[in-house]
Amino acid sequence: FSLSPDYEQCNEEHLIQAHSDRVTAITIDSTQDILVSGGRDKFVRVYDFRTNSLYNGPIAPGWITSIAYDPVGQRVFVGTYDVCILIMDISTRTPKLLNTLSAHKGSIRCVAYDPRKKYLFSGSFDATVCIWDIGAPGREKSVQVVARLSGHQSKVKAVAWHAPSRTVFSGGDDTQVIAWDVRSGSPKQTAHGGGDAIMAMCVSDTTDALIV
């Protein structure tokens, strides 16, 4: 879609027939002109706007629930309903599986990535948030969990990373929003989201605003 200058209207510009079932996650790299998507058909696909080409990756073990992108290493981190996270290289556009991460005991619902520290944050139906030290490209086989954050009473469905304060935020079915200190692994603050489950969140590095 394209937005009007006043942001009051949007118009369809292009329709991509990429999946055979519901699309559940997308991310875009505007510098490379690529779109990465995942869905309930268990596939990750890359669309190249410059060449109008669609590239298929290997089938995942479960539905795709979430995708985070590393713009420097051109890697995607794919959360699945089958309790694992897939690391894929998309530098050649065709997704190539580099490693499968397993630490959660429930389905992965959300992932977020910090390209500076190379940390991946994952939220799960097991009510925890894991912090992974991904490292530079080429180190995918040695990825380790550096912290497991426990404080939610139910499924974690959203995570967001705020780099300036080194804080990761999480929310889920228990309606709580928890701000975690990454250094200590302890909650800084807990708030309630108005009685409804937290399904998504984002945080601005410039305005320090958290939107849930």
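This is a predicted model: local features need pLDDT of at least 70, side-chain atom pairs count only at pLDDT 80 or more; totals for chains, interfaces and linings use all residues.
**Entry 1, aromatic pairs.** I looked up the aromatic pairs and found five in the structure. I took Tyr81 and Phe125 as the pair to follow: the arrangement is edge-to-face, with 6.0 Å centre to centre and 90° between the planes. I then checked where the two rings sit. Tyr81 is in the loop between strand E8 (75–80) and strand E9 (85–89), and Phe125 is in the loop between strand E12 (119–124) and strand E13 (128–133), so the pair ties together parts that are 44 residues apart in sequence. Ring pairs also bring in Trp63, which forms a cluster with Tyr81 and Phe125.

I returned to Phe125 and found Lys155 over the face of its ring, 4.4 Å from the ring centre. I noted Arg45 as well: its charged end sits over the ring of Phe43, 4.5 Å from the centre.

**Entry 4, a four-stranded sheet.** I traced an open sheet of four strands, ordered E15-E16-E17-E18, with antiparallel pairing. Strand E15 (156–162) and strand E18 (186–192) stand at the edges with a single partner strand each, so one side of each has no neighbour in the sheet. Neighbouring strands here are turned by 20° against each other on average, direction ignored.

I counted six bridges between E15 and strand E16 (residues 167–172), which run antiparallel.

Key:
Residues are numbered from 1 along each chain as its sequence is written. Side-chain values use heavy atoms; hydrogens and water are left out. Rings of Phe, Tyr and Trp (its six-membered ring) pair if their centres lie within 6.5 Å; planes under 30 degrees apart count as stacked, over 60 as edge-to-face and the rest as tilted. Helices (H or I, at least four residues) and strands (E, at least two) are DSSP runs, numbered from the N terminus. A charge sits over a ring if NZ of Lys or CZ of Arg is within 6 Å of the ring centre and within 35 degrees of the ring normal. Two strands pair if DSSP finds at least two bridges between them. Axes are lines fitted to C-alpha atoms, for helices over the stretch in contact, and angles run from 0 to 180 degrees between N-to-C directions.
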